[in-house]
Amino acid sequence: MNMFRTSLSRTATRAVRTLSTSATKSSSIPLRICGRGTGTQQTITIKDKPYSIQTDTYPVLGGADSAPSPVAYSLASLTSCNQVTGAKVAEDHGIKLGQWNVRLDAVLPTDVLIKGKCEGNPNWESVKLFVRVQTNILESVKGDNLEADARFRHFVREVERRCPITQLFKRSGVQYENLEWSGNPAAQ
């Protein structure tokens, strides 16, 4: 059993590559995240990147609330990943985007996490995403509202399908709702 783990570990280590800034397309993006801290506070670094993030948690979990909590970061990653994925989808489909306004409402049950109950699920109970994004879709179809609506719905479906964090949430069993996406004409 240990030999298998050692072999797997060596294989995984060899597969980790530094992200390149070249124009070469890769079939995967390897990442290495490291965390160091005490109590509920942690500093997280990303290999070969100059920045770090701080985490803490809510007082009810013993934290000082001195930095965003890991659960807040998970939701922030969902909103920002939708925007990043949307930018890529728009580029692929010839859509110009302007400002994004994203709101997310979520419910995290605490029976398992805080109370330690044996039954239940510590995962998000529900996540609801609301997005407003400026686009040039209406202009690009010369004012045809039906065509613009169809193109925008396709854009939203593609963002949801291609966003890795959206898929992580949806496939985890969370009641995930992409409730409201609306596109406004992009500001000139």
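Predicted model: local features only at pLDDT ≥ 70, side-chain atom pairs only at ≥ 80, totals over all residues.

Colleague: Which residues of helix H5 are buried?

Modeller: Thr166, Gln167 and Phe169, in a helix that covers residues 164-171. Buried means under 20% relative accessible area, exposed over 50%, partly exposed in between (1.4 Å probe, protein chains only). Helices (H or I, at least four residues) and strands (E, at least two) are DSSP runs, numbered from the N terminus.

Colleague: Why do they line one face of the helix?

Modeller: Down the axis of H5, the buried residues fall within an arc of 160 degrees, so they line one face. The arc is taken from the directions from the helix axis to the C-beta atoms. On the other side of H5, Pro164, Leu168 and Arg171 are exposed.

Colleague: Switching to packing. How do the axes of H4 and H5 cross?

Modeller: They come within 5 Å and cross at roughly 75 degrees. Axes are lines fitted to C-alpha atoms, for helices over the stretch in contact, with angles from 0 to 180 degrees between N-to-C directions. H4 and H5 are therefore roughly perpendicular to each other; that class runs from 65 to 115 degrees, with under 35 roughly parallel, over 145 roughly antiparallel and the rest oblique.

Colleague: Which residues make the contact?

Modeller: Glu160, Arg161 and Arg162 of H4, with Pro164, Thr166, Gln167 and Lys170 of H5. Contact means heavy atoms within 4.5 Å.

Colleague: What about H2 and H4?

Modeller: H2 (residues 70-93) and H4 (residues 145-162) have axes that come within 9 Å and cross at roughly 125 degrees. That makes H2 oblique to H4.

Colleague: Now the loops. What is phi at Asp48?

Modeller: Near 65 degrees, a positive value in a residue other than glycine. Most residues other than glycine have a negative phi. Asp48 sits in the loop between strand E2 (41-46) and strand E3 (52-55).

Colleague: Is Asp48 buried or exposed?

Modeller: Exposed, with a relative accessible area of 52%.

Colleague: Where is Asp65?

Modeller: In the loop between E3 and H2. Phi of Asp65 is near 55 degrees, also positive. Asp65 is partly exposed, with a relative accessible area of 45%.

Technical notes. Residues numbered from 1 in each chain as written. Heavy atoms only, no water.
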